[in-house]
Each structure stands twice: as C-alpha cells, then as structure tokens.
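Here is a friendly set of notes to read with the model open beside you. Take the points in any order you like.

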Protein chains: 2
Amino acid sequence: MRVSVVANPIGLIFGETFLMSSPENILRSKIGQLVPMPEEDWQLIAPFITIRILKKGELFAAEGKVGKDLGLILKGTMRHFYTKDGEEKTTYFYFENAFTGPYLSCITGQPSQLSFEALCEVQIIVFPYRKLAEAFDRSKHWERFGRLLAEWALKGVEERMAGLLMLSPEERYIELLNSNKRKILERIPQHLVANYLGITPVSLSRIRNRVMQK
Amino acid sequence: MRVSVVANPIGLIFGETFLMSSPENILRSKIGQLVPMPEEDWQLIAPFITIRILKKGELFAAEGKVGKDLGLILKGTMRHFYTKDGEEKTTYFYFENAFTGPYLSCITGQPSQLSFEALCEVQIIVFPYRKLAEAFDRSKHWERFGRLLAEWALKGVEERMAGLLMLSPEERYIELLNSNKRKILERIPQHLVANYLGITPVSLSRIRNRVMQK
DNA sequence: TCAAAACGATAACAAAAGATAAGAAATCAG
DNA sequence: CTGATTTCTTATCTTTTGTTATCGTTTTGA
C-alpha cells in the first residue's frame, strides 16, 4: 500500500495535514476499526477494490439477483427497499461511511429480496463478496472481520426490531427524533421515512403535527 | 471424545441403534451442521459444557446482567422478553434444538436488556461464552462458527423485521399460521403470541375471530 | 380439594391508522 | 421564468387497534 502525505479537502481542515485518504485507505481504515489487518491479508482484497459513481435513482443491486458486490459509501445517501404489491417499501437508509449492499443475499446465495438505490449522486467503494469469502478461508483476520460485521449488523437489526415491537408509531418517531439517526429526518423524503417507521406518509404527517404541539 | 454405542430412547426409534446422543454429542453435531469441528478444536469447549434443568418460570439469564452463558435447548420451550413500564414484552420463543441465551449481551459486554425464561421444565446444554470467545482466538473453526452463527441469526431477524414493516398485524398472524413457526401458536399462551406479533392480546383475539370466519 | 391466579373471549368506547382526494409548497427541467 | 413533478399537509371517511372492564374457564399451587 502506498501512503502519501498530501493536502486534501479533508486533511486541510484546521490547517492540519493528514495522511492522504485515498479510497483504499478509507476502506482499510474503516475495516481496521473492527479488526487489525496486516498488509499481507489486506492484499487479498485490495486488488479488487473499485470506485463507482451512482447517479440519483441508479440501482447498486436489484431484487431477484444474487448479490455480488458490497460497498462502502464515500459520499451520498442510499436506501434499500422491498417491493410488495407493486409498491416499494423502504426499510433502511445508508449514509456516508456505511457499508451497504445485498449482504444477506451474498451470505445465503439466494436472490435478493431487496433493491439498493442511490438517493442522490453516490460515490462508493465496491468490492466483490466472492473475494471476501475467499479471504475468509485464507485469513483469520478476514474471518474475524466477517464475524464482527455480522455481529454488528445483528446488533443494529435487533435494536430496530425491539423498537418496532415495543413502541407505537408515534413513540418510534419521537425516538428517531432523539437518536443519532436524526439525520434520516433531515435528508430523506417523508414518504420514505414513513416506510422506515412502518406507517403511511399521511400518518407520519399527522404524528409530526401531534408531536410538534407538545 | 468418547463415542459409545448404546440403546437410548431416541436411538431405539424403529428399532435402530444409533451412536449414543449424549448431550455433548448433540451439541457437537449441531455445531457440526454449521462448520467442521476437529477433535482438537472441539476440546476447547467440550470440558466446559454442563447440563442444566430449568423449572417452569426459572430465568436462564436476567435483564441488567452481562450475559455469561449460552445454551442449546434439549427439551422444552423458552421465551425472551423486555421489560417496559413494568410490563413484560415477549418478542421471541425458543424450542428444542435451538440456541438460546443473551447472545447480544455476550457480544457487546453490555448488560442484557432481555430476560430468558423457561416456559416449562427445560433441559439445556450450557456453555460459557467466555470460552467460546477464547476459542475464537485459538481456532479458525470456532471463529468461523462464530461468523456463521451471527449470520444465521441476522438472517432470521431480518426476515422477522421485514414482516413487521411490510405486513399488517392480521397479515402477520396469517403468515404465522402458514409458517413452520405454527408451533408457536400451539404451545404458547396467547398473550405472549400477541406480544410476538406486536399487538395486544385483545386485538389478537379479534384477529383470530376475523380470520376464522374466512 | 379448593381458593387464587392465569387465560381467553367479548363488549363498549376512545384513539389512532389506513385510504383517498384535494390543494399548497418546494423542486426541477427546459 | 414557467410548467411539470415531487413533496407535504389537510380533510373526510372507514377500518383497525388500544384500553378497560366483565365474565366464564382452565390451570396452578398450597
């Protein structure tokens, strides 16, 4: 891995100079947050990393296809959605610095029930799951990364599900307001937020009204 | 591992003789379904396995405590529940042959928000998560088991959540009727099923009525 | 065995959510 | 700038759910 010291828009904040954050370094650093990753192991994935630019509305992965690639979002916002009775149901959003893609489909090898769509122009680091799976076999560090990633995802989904089972729609909205996911409310069209909360857009509008008056 | 050929209540079904299914073998075979586990690796956990009998109503793990043990149910049914406003909210059931226990708390090291309770007399194979975590460090097979376990759990929770977001309470009840989780309806008190579906017992009673008439 | 507790069905009412339609406000494309 | 589209609110009506309470029945435990 080449490491160069340059000024970049991020590095120059407050006049400091950082190690250059190339896409490769960003991904590596993100992964390094979970597990140490020696150079040799890193090279199992590094050669297969690419950068993709998605236009607004473009799909990163589509329903019915077996997942191939995962990604780390550098810039922009994405959503995933199910299709039911011809209607799209958005159940998750992805922001900068988040892993995204048809993880479950990659794991199971079954066609994805989810589609992944860019909500604006999105810049994303892409790597093939197949190579990750190979790395699981060849490197205990990658195997551990795989475990921690799954555990981390599990933790998130469990928390979300507890909210759906224990809280009313209004309570869920209030909790969203008070959470660090508040940015969902700021950047995302309301009918998608409604889907996320498991209610209709009209109902969300009413809830907002009720909550506002308190 | 000692393997003895004996007649046992399970082994004698249809007059055949199986390898004895000692608790240890049952656990090993269950784990072997996910990942091959050589004897040497197996011995990282085997010495720490115990059997526990839980009386009806007894807790296997309690809210507020950091998770220590996980288990595999040999016989009986368990539930896990949150406590909210002094009310218990049951959100999952465990049957024979299922892993159970405060998995998330074990992973995170945070106090569990969940309690695990025996719904009848329960026979359960218990092993300390601490030893499993040590095995992660020492054995790639165990590390892989950890990954697959987390992925498997993730898959289950994701499917459940999709149902909560996409289906109405009535649809969820009908889906439960038509699923292989139907046994939930047969063995479990109705107010707990209602919790599981994210509705009140009264509402479930009405839904049953509506659905019955169709 | 017997009293207490748990469980389930049902009724009545209030509160909330879904469906639909109409219209205001913001955004976007040409 | 303007017309079209998207987004959000509001209103009405219907359906569903929540809440509370009552009443048998079953289960439990002493």
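1. **Before you start.** This is a predicted model, in which local features need pLDDT of at least 70 and side-chain atom pairs count only at pLDDT 80 or more, while totals for chains, interfaces and linings use all residues. Residues are numbered from 1 along each chain as its sequence is written, chains are lettered from A and ligands numbered from 1 in the order in which they are written, and side-chain values use heavy atoms, with hydrogens and water left out.

2. **How the chains meet.** On chain B, 34 residues are in contact with 34 residues of chain A (contact means heavy atoms within 4.5 Å). About 3,400 Å² is buried between the two chains, and carbon and sulfur atoms give 71% of that area. Buried area here is the accessible area, with a 1.4 Å probe, that two parts lose on being put together, summed over both. On the chain B side, Leu154(B), Leu165(B) and Met166(B) lose the most area to chain A, together 20% of what that side buries.

3. **Polar links and the elements behind them.** Between chain B and chain A there are 10 residue pairs in polar contact, both residues being at pLDDT 80 or more. A polar contact is a pair of N or O atoms within 3.5 Å; within protein, one must be able to donate a hydrogen and the other to accept it, and residues adjacent in sequence count only if both atoms are side-chain atoms. The elements of chain B that give two or more residues to the side touching chain A are β4 (78-84), β5 (87-94), α3 (103-108), α4 (129-138), α5 (140-166) and α8 (190-197). Helices (H or I, at least four residues) and strands (E, at least two) are DSSP runs, numbered from the N terminus. The largest share of that side, 17 residues, comes from α5(B).

4. **Salt bridges across the interface.** The count between chain B and chain A is eight salt bridges, and over all chains the structure holds 28. A salt bridge is a side-chain nitrogen of Lys or Arg within 4 Å of a carboxyl oxygen of Asp or Glu. Asp137(B) pairs with Arg144(A), with the closest N and O atoms 2.7 Å apart. A network of salt bridges links Asp137(A), Glu143(A), Arg144(B), Arg147(B) and Glu151(B).

5. Lys84(A) and Glu171(B) meet in a salt bridge at 3.3 Å, N to O. This pair crosses between chains, from strand β4 (residues 78-84) of chain A to helix α6 (residues 169-178) of chain B. Lys84(A) is buried at 18% relative accessible area, whereas Glu171(B) is partly exposed at 33%. Buried means under 20% relative accessible area, exposed over 50%, and partly exposed in between (1.4 Å probe, protein chains only). Glu171(A) forms a salt bridge with Lys84(B), the closest N and O atoms being 3.3 Å apart. That pair also crosses between chains, from helix α6 (residues 169-178) of chain A to strand β4 of chain B.

6. **A pair within one helix.** Glu134(A) and Arg130(A) form a salt bridge at 3.6 Å, N to O. Both lie in helix α4 (residues 129-138) of chain A, four residues apart, about one turn of the helix. Glu134(A) is partly exposed at 23%, and Arg130(A) is exposed at 58%.

7. **The core.** Which residues have the most contacts inside the largest nonpolar core? They are Trp142(A) and Trp142(B), in a core of 92 residues. A nonpolar core is a set of buried Ala, Val, Leu, Ile, Met, Phe, Trp, Tyr and Cys residues joined through side-chain atoms within 4.5 Å. Not counting residues up to four places away in sequence, Trp142(B) touches several residues, including Ile31(B), Met37(B), Trp42(B) and Phe136(B).

8. Thr100(B) is found in strand β6 (residues 99-100) of chain B and counts as buried at 5% relative accessibility. Leaving aside neighbours within four places in sequence, its contacts include Phe60(B), Leu70(B) and Tyr94(B). Ile207(B), in helix α9 (residues 201-212) of chain B, is buried at 2%.
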